[in-house]
Amino acid sequence: MVDYEQNIVTVGGGSGLPVVNEALLRTAKVDFITAIVTPFDNGGSTRMDRLDSYGTQIGYADAIRVLFSLIDPEQLDPNKVATLKRWFTQRDEKDRVPARGIVHNSFTADNGISQIERDFCSLGVNLKGEVLFSSTKSSQIVFTTEDNDYFEGEDMLDIRSTTPDTVRNMKLKPEIDAFPKAIEAIKKAKLIILSCGSVHGSVLCNFLPTGMKEAMEETAAKVYWVTNLTSTKNETDEATPISMVRLAEKYTGIQISGLIVPQMTREQFNEEHPEVADRYKKRESSHFLGWSEDQLDEAHSAGIEIVKHDAIKIIRINLPEDAYKLIVRHDPVKLAQSLKSIV
């Protein structure tokens, strides 16, 4: 049985949560992470799985991606990990992921994907944590917008990401209970970190199952949020630190302890990386989420701790015909330096 009182709990989805986990393990101060992951992803291969099973499955993809981030960085065998990743992520000619069937067959509502974790360990892969779903029951995100429109499915958040019609409220359909092990982990945690990633679709949706909000209200843990580096038009356009705190409170039921934010302001980023800023503005109606001292002071005056980092990296992805795109991501190595102050 896991002693959750010694664990750090992280919460999120398949893009941002792995970065936070990797950074935590690189602090050399963390021996075990309980990662709570969203099961409400209905995009890509997961949507195909759900259609094939008449809506009875949950989204497994994020959990597998998060699982890889819990591999001990000191005992990482690149060849072994590459082979496992290929097995679990490779797509067939119909753009499906055949290994999703392996996950489905190993999954149980009582234990989640613990059998896969045991299999990893039996292969000599040292995991420094476990993955728990916020719920092991099937449901989907539904949300309303400021224009009083109604949408069903996590994928609709992505499809509408460049629209100015912001998300007003989010629920689950049908309402479902939280995974008891996730509730237990939150109640007994000493530190909870919300990851970067899709704010509604990957992070805050984890608190929608019945019991999760109540667990947050009972926990004595400090709760921090690693904010995104870029905005999403329909979720965080022109967001401020205090508005992020209020959004977190809406879904978690508590005021979080702190924000982990870039030390670079939006203006500084635009000046240092004009090409990147211009691409995000034109293609995604997005901007860098870096804030001024006045904006950070407003949150600090409300009792929010501000932890700054310089974990920003620009990645160039080459495309056919000499084309390319530039993306902004967290650097887990540099992020680890800032996380040391709170673990």
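Predicted model: local features only at pLDDT ≥ 70, side-chain atom pairs only at ≥ 80, totals over all residues.
**Helix 16**

- Helix 16 covers residues 332-339, and its buried residues are P332, L335, A336, S338 and L339. They sit on the same side of helix 16, because the arc they cover around the axis is only 165°.
- As background, residues three or four places apart in an α-helix point the same way, because there are 3.6 residues a turn.
- The N-terminal end of helix 16 has a cap, D331. One of the side-chain oxygens of D331 lies 2.9 Å from the backbone nitrogen of V333.

- S195 belongs to the loop that runs between strand 7 (191-194) and helix 9 (199-203).
- Is S195 buried or exposed? Its relative accessibility is 0%, so S195 counts as buried.
- The S195 side chain makes a 3.5 Å approach to the backbone nitrogen of L17.
- Setting aside residues up to four places away in sequence, S195 touches V11, G12, G13, G16, L17, V20, V203, W225 and V226.

**Aromatic pairs**

- Searching the whole structure turns up 4 aromatic pairs.
- One of them is F68 with F120, a tilted pair at 5.8 Å centre to centre, with 55° between the planes. This pair ties together distant parts of the chain, since F68 is in helix 3 (residues 61-69) and F120 is in helix 6 (residues 114-122), 52 residues apart. Both F68 and F120 are buried.
- F107 and F133 make an edge-to-face pair, with 5.8 Å centre to centre and 80° between the planes. Here too distant parts of the chain are linked: F107 comes from the loop between helix 5 (100-106) and helix 6, F133 from strand 3 (residues 129-133), and they are 26 residues apart.
- F107 has a relative accessible area of 15%, so it is buried. F133 is at 0% relative accessibility and therefore counts as buried.

**Arginines over Y324**

- Which residue lies over the face of Y324 at 3.7 Å from the ring centre? That is R316.
- R279 also lies over the face of Y324, at 4.6 Å from the ring centre.

**Cysteines**

- How many disulfides are there? The count comes to 0.
- C121 counts as partly exposed because its relative accessibility is 42%.
- C205 is in no disulfide, and the nearest cysteine sulfur belongs to C196, 14 Å away. With a relative accessible area of 0%, C205 is buried.

**T236**

- T236 is part of helix 11 (residues 233-236).
- Its relative accessibility of 2% is why T236 counts as buried.
- Apart from neighbours within four places in sequence, T236 contacts V199, S231, M244, H287 and L289.

**F151**

- You'll find F151 in strand 5 (residues 150-152).
- F151 is buried, because its relative accessible area is 15%.
- Not counting residues up to four places away in sequence, F151 touches I141, V142, F143, T145, M156 and R160.

**K222**

- K222 is located in strand 8 (residues 222-226).
- At 47% relative accessibility, K222 counts as partly exposed.
- K222 and L191 are 31 residues apart in sequence, while their C-alpha atoms are 5.0 Å apart in space.
- L191 also turns up among the contacts of K222, which are K190, L191, I192 and S257 once neighbours within four places in sequence are left aside.

Technical notes
Residues numbered from 1 in each chain as written. Heavy atoms only, no water. Helix = DSSP H or I, 4+ residues; strand = E, 2+ residues; numbered from the N terminus. Buried < 20%, exposed > 50% of the residue type's maximum accessible area, 1.4 Å probe, protein only. Polar contact = N/O pair within 3.5 Å; in protein donor to acceptor, adjacent residues only side chain to side chain. Contact = heavy atoms within 4.5 Å. Arc of directions from axis to C-beta. Phe/Tyr/Trp six-rings, centres within 6.5 Å; stacked < 30°, edge-to-face > 60°. Lys NZ or Arg CZ within 6 Å of the ring centre and 35° of its normal. Disulfide = S-S within 2.5 Å.
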